[in-house]
Amino acid sequence: MTDFTVELTASQWFREGRGPRYKQLYRHIVGLITSGELAPDDQLPSEREIAEIAQISRVTVRKAIGELASAGMIEQRHGAGSFVRGQGERFEQSLSSLVSFTENLQARGIVSSSRVLLKGLFRPTPVETTVLGLASHHQVARIHRLRSGDGVPMALEYSSLPEDILPRPEKVDTSLYDLLRTRNTAPTRAIQRVKAVNATASVAEMLGLAQGAAVLQIDRTGYLTTGRPIEFTSGFYRSEIYDFVSELRLD
């Protein structure tokens, strides 16, 4: 286990002006877990010990530990303490199948949930205008969601669709594709581009990661059978959870 005497001293994780102490401590411990310095089943020191090492109040420590538990990073065992939670199986998702996040998790018996960060109709950005073939006077429906499986944050997805395809974005709850299918406007094919990036501060905080942690960014453009582009989604996925797989064949 990592030497917490060193890692939890304030000089290692606290920076003036970068948010509440409990948030900074939370992000620091997340970084130790995602980097592998803290392994599954490693035990964290008690709240009292952490407070003494970090020279902060036990209330601050308790809030940080609570955030770690809520994010699924640690497991609090009654009478035993807090332990790093194993990451479990990685999620293998095909890059050649047009399956939604919800459908992928349901197939594995995992309860999916979404926290809507933004939804509504807006003036399109230059990127949305180009990718979706819109005119500047058109409106675009945007859905920004934090996607979770069994309560653990797994992905951030920012989706844009033409207004005539999704005239009432406020109706989107969990599955965007389920709603589109009721309107016969779900994409039948898509082009995806995958790259590894470092999480910005905002992306890292939403996914329960340390700033700069490696994540997978996937930009997807979905098309109708007519060839019309009707969905542009840019998503960030936790790289320690996801494996994206594609099948190659000799034509």
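Predicted model: local features only at pLDDT ≥ 70, side-chain atom pairs only at ≥ 80, totals over all residues.

Strand S4, residues 112–122, and S5 pair in the antiparallel sense, over 10 bridges. S5 itself, residues 140–149, is mostly covered, with 9 of its 10 residues buried.

Now the helices, and H3 in particular. How many of the 14 residues of H3 are buried? It's 12, so the helix is largely enclosed by the rest of the structure. On geometry, 14 residues at 1.5 Å a residue should span 20 Å, and the end C-alpha atoms of H3 are 20 Å apart, so the two agree. After H3 comes Gly 36, with a positive phi near 90 degrees.

That takes us to packing. The largest nonpolar core has 33 residues, and Leu 25 and Leu 68 touch the most other members. Helix H3 (21–34), helix H4 (47–54), helix H5 (58–70) and helix H9 (201–207) each put in at least two residues. H3 gives the largest share, 7 residues. What does Leu 25 touch, once you skip residues up to four places away in sequence? Leu 8, Trp 13, Ile 50, Ile 56, Val 61 and Ala 64. There's also a second, separate core of 13 residues, and Ala 141, Ile 143, Leu 161 and Tyr 177 are in it.

Next, backbone angles. Most residues other than glycine have a negative phi, so I went looking for exceptions. Gln 55 has a phi near 60 degrees, which is positive. You'll find Gln 55 in the loop between H4 and H5. Buried or exposed, then, for Gln 55? Exposed, because its relative accessible area is 72% and the cut-off for exposed is over 50%. Asn 184 is another one, with a positive phi near 55 degrees. Asn 184 is in the loop between helix H8 (176–182) and strand S7 (189–198), and with a relative accessible area of 71% it's exposed as well.

Last stop is Gln 217, over in strand S8, residues 214–223. Why does Gln 217 count as buried? Because its relative accessibility is 12%, and buried means under 20%. Its side chain and that of Asp 219 are joined by a polar contact of 3.4 Å. Leaving out neighbours within four places in sequence, Gln 217 is in contact with Arg 193, Val 194, Lys 195, Val 197, Ser 234, Gly 235 and Phe 236.

That's my tour, thanks.

Key:
Residues numbered from 1 in each chain as written. Heavy atoms only, no water. Core = buried A, V, L, I, M, F, W, Y, C linked by side-chain atoms within 4.5 Å. Buried < 20%, exposed > 50% of the residue type's maximum accessible area, 1.4 Å probe, protein only. Helix = DSSP H or I, 4+ residues; strand = E, 2+ residues; numbered from the N terminus. Contact = heavy atoms within 4.5 Å. Pairing = 2+ DSSP bridges. Polar contact = N/O pair within 3.5 Å; in protein donor to acceptor, adjacent residues only side chain to side chain. Expected span 1.5 Å × (residues − 1).
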